[in-house]
Amino acid sequence: MKRMVLKILDTIFAVIIANIMFLPVLIIIGSSVKSLPDISSYPPKIFPVDFHFDNFAIVLNTGNIILYFRNTLILIVGNVVGTLLSSALVAYPLARMNFRGKNLIFALILATMMVPATTTIIPQFVMFSKIGWVDTLLPLVVPAFFAYPYNVFLFRQFFMTIPMGLDEAARIDGCNRFQIFTHILVPLSKPIFITIGVMCMVSWWNELFSPLIYINSDELKPLTVGALSVFKAHFQFVTMWNLQMALALIMIIPPILLYLFAQEYLVEGIKTSGIKG
């Protein structure tokens, strides 16, 4: 009886916490279908009496939203490909090969995670400016092909869970190191590839700081930056909260769907990469 009571209390507590955390999303959903006067009505209501679904059409037809969406997809595809390719290749020898200084190299890679990104933004901007990459998408895509330390750590931890006997059997059959990586490790590492890919997608879907630093042209702005300029240019004197909430809801939906479809691989990838919590 005591165990049943505790289980019921845990369930009630979890439901309460879930409702509290979902409340901001519910407010965004309700505000996205309101008219502008309904936003400031008192007492406030989560959902309006008259639903204005045309807010979404107005948002999509205002400015260059579709162009900004295309630029965001370019950034996502470039960074996902670069991150998965470079991080996996760097992690492979650290996890599956024995050579002098391996642990020191891995420690140095992890040490770079302690350096705040804000301290390197000015040197990076100066470097990209001197080679003529400012106001292009290259500063936002090319760094992904040089392996992010956190992703290297995740790949290394996952690769270490795969039995070494598979490598030895493949070498007996005549496979070289690269063939072992492509034919043995990559097919067995689908969960960690999907996990890092999803995290990279969501990160660049919401990225705001880096495009603000490097992008000046309107035709190159991603959705996060372009949406701000659209509302500033078209609605200079009135803050259209209902349209902003409609755009926020549009931007929330893809990450939610991505996590729902990939949650099985995400749990497995994180669980087997040595991360607890």
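**Before selecting**

This is a predicted model, in which local features require pLDDT of at least 70 and side-chain atom pairs count only at pLDDT 80 or more, whereas totals for chains, interfaces and linings use all residues. Residues are numbered from 1 along each chain as its sequence is written, and side-chain values use heavy atoms, with hydrogens and water left out.

**Stop 1: colour by confidence**

Colour the model by pLDDT, the predictor's confidence in each residue from 0 to 100. The protein averages 85, and 93% of the residues score at least 70. Where pLDDT is low, the predicted coordinates should not be read in detail.

**Stop 2: the largest pocket**

Select Ala117, Gln124, Pro143, Tyr148 and Pro149, which are the closest to the centre of the largest pocket among its 32 lining residues. A pocket is an open set of points on a 1 Å grid over the protein atoms alone, where a 1.4 Å probe fits, with protein on both sides within 12 Å along at least five of seven lines; lining residues have an atom within 4 Å of a point. The volume of this pocket is about 990 Å³, taken as the space filled by probe spheres set on the points, which are joined across faces, edges and corners.

Next, select α6 (117-130), α7 (138-141), α8 (149-159), α11 (190-205) and α12 (209-214), the elements that each give two or more residues to this lining. The most come from α6, with seven residues. By residue class, the lining holds 23 nonpolar, eight polar and one charged (nonpolar: Ala, Val, Leu, Ile, Met, Phe, Trp, Tyr, Cys and Pro; charged: Asp, Glu, Lys and Arg; polar: the others, Gly among them).

**Stop 3: the second largest pocket**

Move to Thr224, Ala227, Leu228, Leu247 and Met251, which lie nearest the centre of the second largest pocket, lined by 12 residues. Its space amounts to about 200 Å³. Two or more lining residues come from each of α13 (223-234) and α14 (241-271), and the largest share, five residues, is that of α13. Nine of the lining residues are nonpolar, three polar and none charged.

**Stop 4: aromatic rings**

Rings of Phe, Tyr and Trp (its six-membered ring) pair if their centres lie within 6.5 Å; planes under 30 degrees apart count as stacked, over 60 as edge-to-face and the rest as tilted. The count comes to 10 aromatic pairs. Select Phe128 and Trp133: this pair is stacked, at 5.7 Å centre to centre and 15° between the planes. Phe128 is buried at 6% relative accessibility, while Trp133 is partly exposed at 23% (buried is under 20% relative accessible area, exposed over 50%, partly exposed in between, with a 1.4 Å probe and protein chains only).

Then display Tyr92, Phe155, Phe159, Phe181 and Phe193, which ring pairs link into a cluster. Finally, the charged end of Arg156 sits over the ring of Phe106, 4.0 Å from its centre (NZ of Lys or CZ of Arg within 6 Å of the ring centre and within 35 degrees of the ring normal).

**Stop 5: two loop residues**

Asp135 is partly exposed, at 23% relative accessibility. Ala147, in the loop between α7 and α8, also has a positive phi of about 65° although it is not a glycine. Ala147 is buried, with a relative accessible area of 16%.

Note on methods
Helices (H or I, at least four residues) and strands (E, at least two) are DSSP runs, numbered from the N terminus.
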